[in-house]
Amino acid sequence: MVSMVLSFSTLSVSPYLSPSLVPAHYSGELLPFLSFGGHSVFLQRLNTIYSPYLRSSLVQQSRTTAMAGVGTDLAAPVLKTYKFSELGDLELNKLKARPRIDFSSIFNTVEPIIEDVHKRGDAAVIEYTALYDGVVLDTIVERVADLPDPKLKPEVETAFDVAYDNIYAFHAAQKDTQQVQVENMPGVKCRRVSRGINTVGLYVPGGTAVLPSTALMLAVPAQIANCKTVVIATPPRCDGSICPEVLYCARKAGVTYILKAGGAQAIAAMAWGTESCPKVDKILGPGNQYVTAAKMLLQNSEAMISIDMPAGPSEVLVIADKHASPIHVAADLLSQAEHGPDSQVVLVAVGHVDLEQIGFELRKQCRELPRGDIAAKALSHSYALVVSDMAEACDFTNLYAPEHLIVNIENAEEWLDNIENAGSVFLGRWTPESVGDYASGTNHVLPTYGYARMYSGVSLDSFVKYMTVQSLTKVGLKKLGPTVAKMAEVEGLDAHLRAVTLRLKDIDATIQQGSALL
């Protein structure tokens, strides 16, 4: 398990608020989730070795230990809290930092898996799936068209159908911005045209939570972009089958193949290609540190793939004023904290916000969640920041660059122009982050770890490549040619110069012969 370090020892902590809930250095050993390749290795071992009674006892003991972090006093604050006015630039920069991920050790774990899959293909993927998922597969790839329709409850189908329609509508509208055509001067036309990436690999996590919504978020824009071959990689269920909700979304969005594997081995299989898994040109989708490390390594390898973005643990920053419901604020913070023990949630309180009541709700709601133990670990390295006004709130938000930004204030729309760095923004009292995760239409595959400063989330553009096209008439070359020839002369590239001047001579000759300059 990779250790993550977070230290606020040099920061100014408000004296009336809680101290750190756990030691600054933690490694997560108390949780029963050893996340390797997106899977719960420890629980798999319990499933195969220990009795149901012992398994239940150990998991409950681990949950109790983790939940101890939220304490028994429901009135006590949960989040460490800082005042913006008391922090200098150095302290603010430390506050924006995420829990450190030791990628060097992760790379050392992932590289042998990548090479093994490269050498042995399907056989290696089968072995790693048996080792880390506890599932023995005969075949690792299924053609979606050959699989029977999954049986879902009608209300579940309806929910995914609504989400599909909204995601499709929002991403299809993005086609309107793709084509560009300009006549820069008479006879000089420039265009930009788009083409779908031929083969794409979509990673749909399936470790501590199955995420069929991610299948829609990735497969729908691939469908609109007309990608010819679409491969979804997702861990199999215990019996070797595919999650029916993932299959339903895959069929609806026109996915070609499903690779029944997760983690670094799945990324490697799509990047290199195996006997049964097509090699892809680009890999997209969220994942844990091992998935992210595999994507990063393979994009710089002979596999010749691109990736959507670097990613880290999930995160949300909530800006709240004194009128924001503490119940809603706590629910929004926990909606990301439950993703994983390495998630981070941040509350930016504008003015006199009732932090004590928000803390009460965090403790109360956390104890009610089935994944409350995971959320408690995430809360242990999260915090609140008190600011005097929205200008300070926006300044810190742009510094932090969150994956998700909730603006739970009056007149939230008025502040949108002040927000520069965020993966996805949720404006107003009635816009929980959950709607973007599932069905509003925007994409939930977003940059994390501060990468929103320079990366965008997944969109239709993620699945296309652009070609520029130019076409000149004789009139156009006659007008533009001398400019190009002079620039080529300055750079000393005579062949470039001659490619223009020889044509200009031919044009001049036709003019002297009395031909029209068309």
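How are H3 and H14 oriented to each other: oblique or roughly parallel? I opened the notebook with this pair and answer it below, after a note on the model.

**Entry 1, ground rules.** I am working on a predicted model, where local features need pLDDT of at least 70, side-chain atom pairs count only at pLDDT 80 or more, and totals for chains, interfaces and linings use all residues. Residues are numbered from 1 along each chain as its sequence is written, and side-chain values use heavy atoms, with hydrogens and water left out.

I looked up the secondary structure and found 17 helices and 19 strands in the protein chain. Helices (H or I, at least four residues) and strands (E, at least two) are DSSP runs, numbered from the N terminus. The chain has 518 residues, and 52% of them count as buried. For accessibility I use relative accessible area: buried is under 20%, exposed over 50%, partly exposed in between, with a 1.4 Å probe and protein chains only. Contact is taken as heavy atoms within 4.5 Å. Among contacts in the chain with a separation of 6 or more, 78% come from residues 24 or more positions apart.

The axes are lines fitted to C-alpha atoms, for helices over the stretch in contact, and angles run from 0 to 180 degrees between N-to-C directions. For helix H3 (residues 89-96) and helix H14 (residues 390-400), the axes come within 9 Å and cross at roughly 60°. H3 and H14 are therefore oblique to each other. The classes are roughly parallel under 35 degrees, roughly antiparallel over 145, roughly perpendicular from 65 to 115, and oblique for the rest. The crossing of H3 and H14 is right-handed, meaning that the near helix is turned clockwise from the far one by less than a right angle. On the H3 side I listed Leu-92, Asn-93, Leu-95 and Lys-96 in the contact, and on the H14 side Phe-396, Leu-399 and Tyr-400. These contact residues divide into five nonpolar, one polar and one charged. In this scheme Ala, Val, Leu, Ile, Met, Phe, Trp, Tyr, Cys and Pro are nonpolar, Asp, Glu, Lys and Arg are charged, and the others, Gly among them, are polar.

I then took helix H4 (residues 103-120) and helix H10 (residues 289-299), which pack at an angle of about 70° with their axes 9 Å apart. That angle makes H4 roughly perpendicular to H10. Contact residues of H4 include Phe-103, Ile-106 and Phe-107, and those of H10 include Gln-289, Tyr-290 and Thr-292. The contact of H4 with H10 divides into 11 nonpolar, three polar and one charged residue.

Leu-405 is in strand S17 and counts as buried at 0% relative accessibility. Not counting residues up to four places away in sequence, I found that Leu-405 touches Leu-317, Ile-319, Thr-397, Ile-419, Ala-422, Ser-424, Val-425 and Phe-426. Leu-405 and Ile-419 are 14 residues apart along the chain, and their C-alpha atoms are separated by 9.6 Å. Asn-418 sits in the loop between strand S17 (404-408) and strand S18 (424-427) and is partly exposed at 36%. Leaving out residues up to four places away in sequence, Asn-418 touches Cys-394 and Asn-398. From Asn-418 to Asp-395 I read 8.4 Å, C-alpha to C-alpha, at 23 residues apart in sequence.

Most residues other than glycine have a negative phi. Asn-411 has a positive phi of about 55° although it is not a glycine, and it lies in the loop between S17 and S18. Met-304 is also no glycine and has a positive phi of about 55°. I found Met-304 in the loop between H10 and strand S13 (306-307), exposed at 65% relative accessibility.

Phe-170 lies in helix H6 (residues 154-172) and is partly exposed at 41%. Apart from neighbours within four places in sequence, Phe-170 is in contact with Gly-441 and Thr-442. Phe-170 and Ser-440 are 270 residues apart in sequence, yet 8.8 Å apart C-alpha to C-alpha.

Cys-243 is buried at 9% relative accessibility, whereas Cys-238 is exposed at 64%.
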